[in-house]
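Have a look first, then work through the points in order.

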Amino acid sequence: MSRMQASVLGLLALACAKFARAKIDESNFDAARIIERDVAIIGGGAAGTYAAVRLREDFNTSIIVIEPKNRLGGHVDTYEVPETNTTLEYGVQSYMQYGPTVDFFERFSVEFGSFTSRRLATINVDVGTGKTLDYTSPTLNDTTEGLKKWLQFVEKYDSLVEPGFWNFPSPDKIPAEFLMPFGEFAREHKVEAAVPRIVTISGVGVGDLQILSTLQVVQAFGLAVTKGVLEGTFIQPKVSNSLLYQRAYKLLKDDVRLGSTIQETERDSTGVRIVIQSEKDQAKTLIKAKKVLWTPYPSQDNLKPFDQDAKELQVFKPWTPEWDYVGVASIPCIPENTSVQYMPRAVEPSNHLAIRDYAYFLSLGTTGPSGLNLFRVMLGANFSLTYEEAKVIVTSSVQKLVQAGTLNHTGDCEVDIKALSAHNGVLWPRESEALEQGFVQKLYSLQGHRSTWWTGRSWCEEYSSNVWTFTDTVLERLLKSLA
Ligand SMILES: Cc1cc2nc3c(=O)[nH]c(=O)nc-3n(C[C@H](O)[C@H](O)[C@H](O)COP(=O)(O)OP(=O)(O)OC[C@H]3O[C@@H](n4cnc5c(N)ncnc54)[C@H](O)[C@@H]3O)c2cc1C
C-alpha cells in the first residue's frame, strides 16, 4: 500500500470513528437553532455569571450561559416581603472583601455597606424532643480565642488551598493535620470553642463533623472567611444580593439561556456539542463551542447528560450528597428577636464538638420586619429530602417546641412557609483515605480534559469571593487553551 493510500485510509478510519461516536445529528437543527461560541458556560450562579462577564467583557471571548432557573444568581435568594419595601436574604447573606469581590460589585454599580447580623436571643433545643437543652455555648471571648488559633493554622497552609488546590501536595507530602479527623484536630489544637461559629456560618459536617478530614473543614472555613469573622469586615449590597445578578443579566441577556437544561453532550479534545432544551417552548438548540466551563455541583444527576468518561466517573462517583434548604417562614408562636437552634442532646453541658452529631440540623432566626414573626429557616441533612419532607421537618419541629413547653404557647402553631429553596450539593469523599490516594490531583487533572474546564464551589473554598478568585485562575488557563 502506498503512503498516500495509507493516509487516505487513516483519514477515513478517523472520520468513521468520529461518525460512529457522534450521536448528535446536526441536520436536526435549523440554522437558527445552532449557536457557535468560544465557551459554553454551564450554570449561571456566582461562578458562571462571573466567568461570563469576565470572558465576554474583558477577554473578548464569545460565550453562552445555560441556566435551568429563570434567573441568574444560584445560591442568592431574595424574598420580597409583600406590602412592605423590605427584602430578606435567605440564601447568601454577605460577602468578604477578598479577591475581585469589591471590583465586581463596583463594576455593576452595586452599593454595599458593612454586614451586621441581628442580635437575637438564642434558645438551644434538643432536636429530638424540642426541649430546652442545658447547653452552655462558648463565650464571645472563648470563640474569638478559638478562631485565632484556627486562623494560625489556616494561614500556615493557605497557599496549598487558595486560590484553589492547584498547588496541593502529592499524597506523601500532605500536611498531617489535613488528614486528621476534625474532632481529634479540634481537641488537640484547642479550637473547640470556635466550632459552633464555624458550623453556623459554613454549615459544614452535618452528621459527621468529628470524623470529617480537617482539610474539608478548611475548605468550608478557610483563611479569608476566618479573617472576615475576626475583623468584622463582611459586606452586603445595600438594595439586595440579587441586584448584582439582575444587572449582570441585563448586560449578558443575549448570551444567556435561562430555563434551559442540557439534554445531551459530546465532548472531545476538538470541542464540545451540547443540546439544550428550553422549558418554555420545549425547543431544542445545538450549542457548538471550543470549550465548556462547568460550574454547578458535579453530582451524578447533574452530570448524567454531560457524557462522562471513565476518568471523570472515577473522580465524581464517590462524592457524598448533602441536602440543604433555606427559606422564610411565618411562625407566630416563637417570640420575635429569637433564634432557635436544634442540636443533639450530646452537646450538654458544653460539648461543642457534638453540635453536628445528628443527621440534620435546623435553625430558625428572626428576620424582621418587626410584627410579622418572620424567621429565616436553615435546614441541612445528610439524608435525601424533598421540598415536602423539608417542610414537614420545619413545621413538626416547631410543634415539638410547643408540645415540650419550650415556648410560652398553647395549642397549634400555624407555620406558614413563605419561601423555600433547595441548595443541595455534593461534597468530596468524606474520609482522609481518598486524599491519601491522590483525590485532589485526580480531580484537578480533569481541568482541560476533553475541552472541559471546571469551577464553582466544589473546586475551592466555598464562599462567593473564593469562587470568583478561583474562577480567575481557571479562566487564565482556559484562555491559554483557546489561543
Ligand atoms: C444556603 C447557603 C448560603 C450561603 N451563604 C453564603 C454567603 O453568605 N456568602 C458567601 O460568600 N457564600 C455563601 N454560600 C456559598 C455559595 O456556595 C457561594 O457563595 C456561591 O454561590 C457558589 O457559587 P457556584 O457558582 O459554585 O454555585 P451556585 O451559585 O449554586 O451556581 C450554580 C448554578 O448552576 C445551576 N445549575 C445547577 N445544575 C445545573 C445543571 N445541571 N445544568 C446547568 N446549570 C445548573 C444552578 O441553578 C445555579 O444557578 C452559601 C451557600 C449556601 C448553600
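1. What percentage of the 483 residues in the protein chain are buried? Buried residues make up 53% of them. Here "buried" means under 20% relative accessible area, "exposed" means over 50%, and "partly exposed" is in between, using a 1.4 Å probe and protein chains only.

2. A word on what you're looking at. This is a predicted model, in which local features need pLDDT of at least 70 and side-chain atom pairs count only at pLDDT 80 or more, while totals for chains, interfaces and linings use all residues. Residues are numbered from 1 along each chain as its sequence is written, and side-chain values use heavy atoms, with hydrogens and water left out.

3. Now the overall build. The protein chain has 17 helices and 18 strands; these are DSSP runs numbered from the N terminus, helices being H or I with at least four residues and strands being E with at least two. The radius of gyration is 24 Å, close to the 23 Å that the globule rule gives for 483 residues, so the chain is as compact as a globular protein of that length. That radius is taken over C-alpha atoms, and the rule is 2.2 Å times the number of residues to the power 0.38. Along the principal axes, the C-alpha atoms fill a box of roughly 90 × 55 × 40 Å.

4. Next, who touches whom. Take the contacts (heavy atoms within 4.5 Å) with a separation of 6 or more: residues 24 or more positions apart account for 74% of these.

5. A search of the whole structure turns up one, and it joins Cys-333 to Cys-413, with 2.2 Å from S to S. The pair links distant parts of the chain, 80 residues apart: Cys-333 is in the loop between strands S12 (320–330) and S13 (338–343), and Cys-413 is in the loop between helix H14 (387–403) and strand S16 (416–422). The link is left-handed, with -90 degrees about the S-S bond. Both Cys-333 and Cys-413 are buried.

6. Most residues other than glycine have a negative phi, and most peptide bonds are trans. Going against that, the bond from Glu-162 to Pro-163 is cis, with omega near -5 degrees, and Pro-163 is found in the loop between helices H5 (158–161) and H6 (176–179). The bond from Gly-368 to Pro-369 is cis too, with omega near -10 degrees; Pro-369 lies in the loop between strands S14 (360–366) and S15 (374–381).

7. Then there's phi. Gln-282 isn't a glycine, yet its phi is positive at about 65 degrees. You'll find Gln-282 in the loop between strands S10 (271–278) and S11 (284–294), and it counts as partly exposed because its relative accessibility is 48%. Ser-451, also not a glycine, has a positive phi of about 60 degrees. Ser-451 counts as buried, since its relative accessibility is 1%.

8. Last stop: the loop between helix H16 (439–444) and strand S18 (452–454), where Gln-447 is found. Ser-451 has its place in that loop as well. Gln-447 counts as buried at 10% relative accessibility. Leaving out residues up to four places away in sequence, Gln-447 touches Trp-166, Thr-452, Trp-453, Trp-454, Trp-459, Phe-470 and Val-474.

Notes. A disulfide is a pair of cysteine sulfur atoms within 2.5 Å.
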